[in-house]
Amino acid sequence: MKPKVCLIGIDGLRLDLARGTGKMPTLDAVIGEGVFNELTMEVPTLSGPGWSTLLTGATHAEHGVKDNHFVGHQLLHCPDFLSRAYFADQATTTMVAAG
């Protein structure tokens with residue numbers, strides 16, 4: 001069986017304050033059954049730069065996203081991890097959902 005990845009991101013959530021409180025039992029269970037990696041972001045910790053770093057693996061300097069306006073970004077040169085997975089093996093199935 002091929003390995004599977006599920007990336008869950010909740011914008012603005014302070015996970016250090018939410019974990020283990022009983023307020024997010026499903027998320028606690030998913031973390032408990034899987035692999036949890038903490039991400040430390042460089043400043044600014046705005047949504048645009050943060051998500052760009054998370055999804056591409058590129059630093060702020062590399063992707064050029066400075067704020068939530070995306071003016072002057074270099075994301076064309078920093079493919080996201082799902083695109084990389086697909087182009088490495090076109091049999092790979094990817095899916096993105098947001099709400």
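# A tour of the pockets and helices

By class, 18 nonpolar, eight polar and six charged residues line the largest pocket. Here Ala, Val, Leu, Ile, Met, Phe, Trp, Tyr, Cys and Pro count as nonpolar, Asp, Glu, Lys and Arg as charged, and the others, Gly among them, as polar. The model on display is predicted: local features need pLDDT of at least 70, side-chain atom pairs count only at pLDDT 80 or more, and totals for chains, interfaces and linings use all residues. Residues are numbered from 1 along each chain as its sequence is written, and side-chain values use heavy atoms, with hydrogens and water left out.

**First stop: the largest pocket**

The volume of the largest pocket is about 1,400 Å³. Select Ile-8, Gly-9, Leu-15, Asn-37 and Leu-39, which are the closest to its centre among the 32 lining residues. Next, colour H1, helix H2 (25-33) and helix H3 (47-56), the elements that give two or more residues to this lining. H3 contributes the most, with four residues. A pocket is an open set of points on a 1 Å grid over the protein atoms alone, where a 1.4 Å probe fits, with protein on both sides within 12 Å along at least five of seven lines; lining residues have an atom within 4 Å of a point. Its volume is the space filled by probe spheres set on the points, which are joined across faces, edges and corners.

**Second stop: the second largest pocket**

Move on to the second largest pocket, which holds about 820 Å³ of space. To find its centre, select Val-5, Leu-7, Phe-81, Leu-82 and Met-95, the closest to that centre of the 25 lining residues. H3 and helix H5 (81-88) each supply at least two residues of this lining, and H5 gives the most, with three residues. The classes here are 16 nonpolar, five polar and four charged residues.

**Third stop: the whole fold**

The C-alpha atoms fill a box of roughly 40 × 35 × 20 Å along the principal axes. Colour by pLDDT, the predictor's confidence in each residue from 0 to 100. The average is 90, and 100% of the residues score at least 70.

Which residues of H3 are buried? They are Gly-48, Pro-49, Gly-50, Ser-52, Thr-53 and Thr-56, and the buried residues of H3 pack against H4 and H5. Buried means under 20% relative accessible area, exposed over 50%, and partly exposed in between (1.4 Å probe, protein chains only). Buried residues make up 15% of the 99 residues in the protein. After H3 comes Gly-57, whose phi is positive, near 80 degrees.

Now select His-60, which is in helix H4. His-60 counts as buried because its relative accessibility is 10%. Leaving aside residues up to four places away in sequence, His-60 touches Met-41, Glu-42, Val-43, Pro-44, Pro-49, Gly-50, Thr-53 and Val-65; a contact means heavy atoms within 4.5 Å.

Follow the chain into the loop between H4 and H5, where Phe-70 is placed. The phi of Phe-70 is near 60 degrees, a positive value in a residue other than glycine. Phe-70 is partly exposed, with a relative accessible area of 33%.

Continue to Ala-88 in helix H5. Is Ala-88 buried or exposed? Ala-88 is exposed, because its relative accessible area is 67%. Draw a distance from Ala-88 to Val-43: their C-alpha atoms are separated by 31 Å, and the two are 45 residues apart along the chain.

**Last stop: two cysteines**

Finally, select Cys-6 and Cys-78. Cys-6 counts as exposed, at 65% relative accessibility, whereas Cys-78 is buried, with a relative accessible area of 10%. How many disulfides does the structure hold? The number is zero, where a disulfide is a pair of cysteine sulfur atoms within 2.5 Å.
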